[in-house]
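Hi there,

Here is the structure I promised to pass on to you. Please have a look at it first, and then read on for what turned up in it.

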Amino acid sequence: MSSETGADGREREPEPERARDEEAVSRFVERFAAEMTEAGMQRMASRVFAALLADDDGSMTSAELSEQLRISPAAVSAAINYLTQVSMVGRERDPGSRRDRYRLHNEIWYATFAGRDRVLTRWEHTLKEGAQTLGPDTPAGTRLAETAEFFEFLQSELVGMMDRWRDYRKKYDLPGGKN
């Protein structure tokens with residue numbers, strides 16, 4: 001076994017790899033999936049996403065997901081269809097295989113929130129048109145105009161926040177933070 005140099009400059013033995021506690025992993029997957037479901041995501045999509053998130057390489061086949069989550073292949077398929085539509089998961093094939101693998105996109109949270117920028121822009125424009133249609137001085141028109149302003153504000157803050165996140169990743173040398 002080789003030794004490593006610690007932060008203090010002294011040599012030490014590397015820590016042995018910990019065996020995964022599959023029961024604890026399963027509890028985490030179900031707990032995080034419940035949180036996402038409570039926030040509005042479909043239940044099976046939440047479970048599939050959480051399972052992929054907890055997988056070391058963020059990639060599993062339908063059979064692996066079905067086995068781990070104890071759900072039918074049809075439930076996996078429906079969840080994957082939803083997750084691919086919202087750009088949270090991609091579909092790929094291993095070379096020489098006919099079996100699909102489902103993989104989390106790189107920088108999944110960044111991409112998810114950055115994608116919301118387009119949604120917010122569309123909502124903002126539609127709300128502004130609605131405010132004009134209803135009349136800017138009517139209670140409904142005023143409400144729509146204020147909601148459009150909120151989305152405009154949120155969008156400008158989101159852009160700045162995403163820039164700060166990229167800087168944070170570089171500063172702390174987090175994965176994907178090097179450019």
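Where is S87 found? S87 sits in the loop between α4 and β4 (89-93). Helices here (H or I, at least four residues) and strands (E, at least two) are DSSP runs, numbered from the N terminus. S87 is not a glycine, yet it has a positive phi of about 60°. At 44% relative accessibility, S87 counts as partly exposed; buried means under 20% relative accessible area, exposed over 50%, and partly exposed in between (1.4 Å probe, protein chains only).

A word on where the values come from. This is a predicted model, in which local features need pLDDT of at least 70 and side-chain atom pairs count only at pLDDT 80 or more, while totals for chains, interfaces and linings use all residues. Residues are numbered from 1 along each chain as its sequence is written, and side-chain values use heavy atoms, with hydrogens and water left out.

Now the overall picture. The protein chain has 6 helices and 5 strands, and from the N terminus on its elements run β-β-α-α-β-α-α-β-β-α-α. Of the 179 residues in the protein chain, 31% are buried. Among contacts (heavy atoms within 4.5 Å) with a separation of 6 or more, 43% are between residues 24 or more positions apart.

Next, the helix pairs. Two packed helices are described by the angle between their axes and the distance between the axes. The axes are lines fitted to C-alpha atoms, for helices over the stretch in contact, and angles run from 0 to 180 degrees between N-to-C directions. Angles under 35 degrees count as roughly parallel, over 145 as roughly antiparallel, 65 to 115 as roughly perpendicular and the rest as oblique. A crossing is left-handed if the near helix is turned anticlockwise from the far one by less than a right angle, and right-handed if clockwise.

Helix α1 (residues 22-38) packs on helix α2 (residues 43-54) at an angle of about 135°, with the axes 8 Å apart. That makes α1 oblique to α2. The crossing of α1 and α2 is right-handed. Residues that make the contact include F28, F32 and M36 of α1 and F49, A50 and L53 of α2. By class, the contact of α1 with α2 has 11 nonpolar, 2 polar and 3 charged residues. For these classes, Ala, Val, Leu, Ile, Met, Phe, Trp, Tyr, Cys and Pro count as nonpolar, Asp, Glu, Lys and Arg as charged, and the others, Gly among them, as polar.

Helix α3 (residues 62-69) and helix α4 (residues 73-85) pack at about 110°, with their axes 9 Å apart. α3 and α4 are therefore roughly perpendicular to each other, and their crossing is right-handed. S62, L65 and S66 of α3 meet P73, V76 and I80 of α4. The contact of α3 with α4 divides into 4 nonpolar, 2 polar and no charged residues.

How do α5 and α6 cross, left-handed or right-handed? The axes of helix α5 (residues 108-134) and helix α6 (residues 139-171) come within 8 Å and cross at roughly 160°. α5 and α6 are therefore roughly antiparallel to each other, and the crossing is left-handed. The residues of the contact of α5 with α6 divide into 18 nonpolar, 5 polar and 7 charged.

A few single residues are also worth a look. S66 of α3 is buried at 12% relative accessibility. Its side chain reaches the backbone oxygen of I71 at 2.3 Å. Not counting residues up to four places away in sequence, S66 touches I71, S72, P73 and V76.

E64, also found in helix α3, counts as partly exposed at 35% relative accessibility. Leaving aside neighbours within four places in sequence, E64 is in contact with S59 and R101.

That brings us to R101, in strand β5 (residues 100-104). R101 is buried, with a relative accessible area of 12%. The side chains of R101 and S59 are joined by a polar contact of 2.8 Å (a pair of N or O atoms within 3.5 Å; within protein, one must be able to donate a hydrogen and the other to accept it, and residues adjacent in sequence count only if both atoms are side-chain atoms).

Enjoy exploring the model!
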